[in-house]
Amino acid sequence: MKSAIYPGSFDPVTFGHLDVIRRAADIFDELTVSVLNNHLKSPLFSVEERVKILEEATKDIPNVKVDSFSGLLIDYAGKKNVHVAIRGLRAITDFEYELQIAQTNHKLSGGKLDTMFLTTSLEYAYLSSSSVKEIASFNGDISMCVPDFVADLIYKKYGHR
């Protein structure tokens, strides 16, 4: 069985993330979307909330599981016996950053973890979780960025609507 992990903060999950998830799920028999518990960031949603949101957003994709992890991706992937990490790319600046991480993960894993890059569909190339949060914080329209139920949760966090 071909398996992969799509790690990320997903704070919040956007249509760009969901585009990558759907496309990766078409390539692999099993895709685990893994929410990183990054203690260096102050997320809008807790890890548990992000897991629940992703489970709802991907419930129609049968070969997708949602999980969370802390620490190094190589350790998590090793425990799961998965050898491919998925990363989405929006622009060349993403590539430079992601390439360095992919090479580091490959080296630290002893060559056991490869990274597959999927370019985000052009219609979502402008999207970032940071911009979604900024727009929502000013009560702007994020309906073109995230599923409706996610927008409702984001607005609620900011005390809007």
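From the N terminus on, the elements of the chain follow the order β-α-β-α-β-α-β-α-β-α-α, with helices (H or I, at least four residues) and strands (E, at least two) taken as DSSP runs numbered from the N terminus. The radius of gyration, taken over C-alpha atoms, is 15 Å, close to the 15 Å that the globule rule gives for 161 residues, so the chain is as compact as a globular protein of that length. The globule rule is 2.2 Å times the number of residues to the power 0.38.

The model is predicted: local features need pLDDT of at least 70, side-chain atom pairs count only at pLDDT 80 or more, and totals for chains, interfaces and linings use all residues. Residues are numbered from 1 along each chain as its sequence is written, and side-chain values use heavy atoms, with hydrogens and water left out.

Buried residues (under 20% relative accessible area, against over 50% for exposed and in between for partly exposed; 1.4 Å probe, protein chains only) make up 45% of the 161 residues.

The whole structure holds 4 aromatic pairs; rings of Phe, Tyr and Trp (its six-membered ring) pair if their centres lie within 6.5 Å, and planes under 30 degrees apart count as stacked, over 60 as edge-to-face and the rest as tilted. Among them, phenylalanine 15 and tyrosine 124 have ring centres 6.1 Å apart and planes at 35°, so this pair is tilted. It links helix H1 (residues 15-27) to the loop between strand E5 (114-119) and helix H5 (129-137), 109 residues apart. The rings of phenylalanine 95 and phenylalanine 117 have centres 5.7 Å apart and planes at 70°, so that pair is edge-to-face.
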